[in-house]
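Biologist: I would like to go through the strand pairing and helix packing here. Please give the general idea before each case.

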Amino acid sequence: MILVPVKDLQNAKQRLSPALSPDQRFALAHAMVEDVFDALAPFAKVPGVTIVSGDIFASKQAKARKFSILLDDTEAGETAAIELATAYCRNLETPFNLVFPADIPLITSTEVRALLALMPERGVVIAPASDRRGTNGILRRPNDLIPLRFGNDSFEPHLSAARATGSYVVIADFAGIGLDIDTSGDLDALMRQPIRTRAQRLLKEWRRAHV
């Protein structure tokens, strides 16, 4: 099962305050959610996609793509949301889960298929952020093989935890999955790529308006 935690989008992406207004951050967060959901839409049935969220917009977009929704109205953070989702997967006895954040707008269905193709019989596949600090995709088989702790420096802890299990560990770099949007520099990196996503089109529109 593919899991996507989505926190309340109303106050999302505070670190982008120097570059974007509150309304723009809100609109960008919406656009990125749709970009990620579009890439995951082919997997709605197999292996299945579940969003973990209490956000109304995210839930509406998930329903439109026939994703499952695991209600998380505690707003305790991404790590807590994934702990909730891990218990959910355990109860369903799903053989694995694959977690993506909702702020990687360049993710593609092709990348997701390639990551799934790396799945071992037992082990972990990690798709790090491009700076090798964060974790932008992580597959666990079985679905609770290691605990997940998200944040700016989650890659090394996840890698160490995975290796400590003695199971098979794969590190896989993907250009789209690797770019998460947290800073002004990330916005610039996003706009250096060919324009194909909602998030990019929004940024292009805003930047054109300031020329």
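Biologist: Which strand does β5 join through six bridges, and in what sense do they run?

Modeller: Strands are DSSP runs of E with at least two residues, helices are runs of H or I with at least four, and both are numbered from the N terminus. Two strands pair if DSSP finds at least two bridges between them. Here β5 (residues 123-128) is joined by six bridges to β6 (residues 135-141), and the two run antiparallel. Pro128 stands opposite Thr135 in β6. The two strands form a hairpin with six residues between them, and Arg132 in that turn has a positive phi of about 60°. This is a predicted model, in which local features need pLDDT of at least 70, side-chain atom pairs count only at pLDDT 80 or more, and totals for chains, interfaces and linings use all residues. Residues are numbered from 1 along each chain as its sequence is written, and side-chain values use heavy atoms, leaving out hydrogens and water.

Biologist: Over how many bridges do β5 and β7 pair?

Modeller: β5 pairs with β7 (residues 168-171) over four bridges, in the parallel sense. Val125 stands opposite Val170 in β7.

Biologist: Are the residues of β5 buried or exposed?

Modeller: Buried means under 20% relative accessible area, exposed over 50%, and partly exposed in between, with a 1.4 Å probe and protein chains only. In β5, six of six residues are buried. Gly123, Val125 and Ala127 point one way, whereas Val124, Ile126 and Pro128 point the other.

Biologist: Which residues of α1 and α3 meet?

Modeller: Contact means heavy atoms within 4.5 Å. His30, Val33, Glu34 and Phe37 in α1 meet Phe57, Ala58, Gln61 and Ala62 in α3.
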